[in-house]
Amino acid sequence: MRLLALVAIRSAVALNPGSGLKICTSPSCRNDGATDLLAKAVAWAAQASADAGAPPSAIAVGACGCLSACGRGPVAKCYPRERMLTNLDDADLLALFDDTFGVSVSPRARDAFETKARADAAAAAGDAARLDAALRGGDVDAVDADGATALHAAAAAGRADAVL
């Protein structure tokens, strides 16, 4: 199965050079949740690529400016066909990865992202009890697109009480 996923992702990238997803992060889309959706898309793309044995950059995901669809956000463009996507949510994003990029985002990757988001918020706030609760049963080694864990977030915020 892993080999098939690798072939699928390499085929998608090879057949569609420059394929990827750009999510609008203008104020209107940010108010509609684009920032959270972008973070998920970046993390899920890296994890789906890794699960398929491809480099993290195999699925290009990033932010962009206004796509002139304010009020219908979060809004994104899928390349190379420049297909406009409006009112995106998690289910749309998962379908996009499956249908367009040829990879599935595993439940483990989705859970790891949610665990890390809760842990990052707790760590940055220095809330050791909430951090412990967020990580209990979760993936303590979950990383974001930059390879940072919740421990990195706590340390960067100078929250020794959450690190210890």
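Student: What percentage of the residues is buried?
Tutor: Of the 164 residues in the chain, 38% are buried. Buried means under 20% relative accessible area, exposed means over 50%, and partly exposed lies in between (1.4 Å probe, protein chains only).

Student: What does the chain average in pLDDT?
Tutor: The average is 75, and 76% of the residues score at least 70. The pLDDT is the predictor's confidence in each residue, from 0 to 100.

Student: Which elements have the lowest and the highest mean pLDDT?
Tutor: Helix α1 (residues 2–15) has the lowest, 37, and helix α2 (residues 27–31) has the highest, 92. Over residues 1–17 the pLDDT is below 50, and this stretch has 25 contacts in the model beyond near neighbours in sequence. A contact means heavy atoms within 4.5 Å. Where pLDDT is low, the predicted coordinates should not be read in detail.

Student: Now the secondary structure. How many helices and strands are there?
Tutor: There are eight helices and four strands, in the sequence pattern α-β-α-α-β-β-β-α-α-α-α-α. Helices (H or I, at least four residues) and strands (E, at least two) are DSSP runs, numbered from the N terminus.

Student: What is the order of the strands in the sheet?
Tutor: The order is β2-β1-β3-β4, in an open sheet of four strands with mixed pairing. Its edge strands, β2 (60–64) and β4 (83–85), each pair on one side only. On average, neighbouring strands of this sheet are turned by 25° against each other, direction ignored. Two strands pair if DSSP finds at least two bridges between them.

Student: And β1, in which sense does it pair with β2?
Tutor: β1 and β2 are parallel, with five bridges. Strand β1 (residues 20–24) and strand β3 (residues 76–79) run antiparallel, joined by four bridges. Gly20 stands opposite Ala60 in β2 and opposite Tyr79 in β3, while Leu21 has Cys78 of β3 as its bridge partner.

Student: Is β1 mostly covered or mostly open?
Tutor: β1 is mostly covered, with four of its five residues buried.

Student: Where does Ser26 lie?
Tutor: Ser26 lies in the loop between β1 and α2. Ser26 has a relative accessible area of 11%, so Ser26 is buried. Leaving aside neighbours within four places in sequence, Ser26 is in contact with Cys64 and Cys66.

Student: Switching to helices, at what angle do α5 and α6 cross?
Tutor: The axes of helix α5 (residues 107–125) and helix α6 (residues 128–135) cross at roughly 170° and come within 8 Å. Axes are lines fitted to C-alpha atoms, for helices over the stretch in contact, and angles run from 0 to 180 degrees between N-to-C directions. α5 and α6 are therefore roughly antiparallel to each other, a label for angles over 145 degrees. The contact involves several residues, including Thr115 and Arg118 of α5 and Arg130 and Leu131 of α6.

Terms used:
Residues numbered from 1 in each chain as written. Predicted model: local features only at pLDDT ≥ 70, side-chain atom pairs only at ≥ 80, totals over all residues. Heavy atoms only, no water. Parallel < 35°, antiparallel > 145°, perpendicular 65-115°, else oblique.
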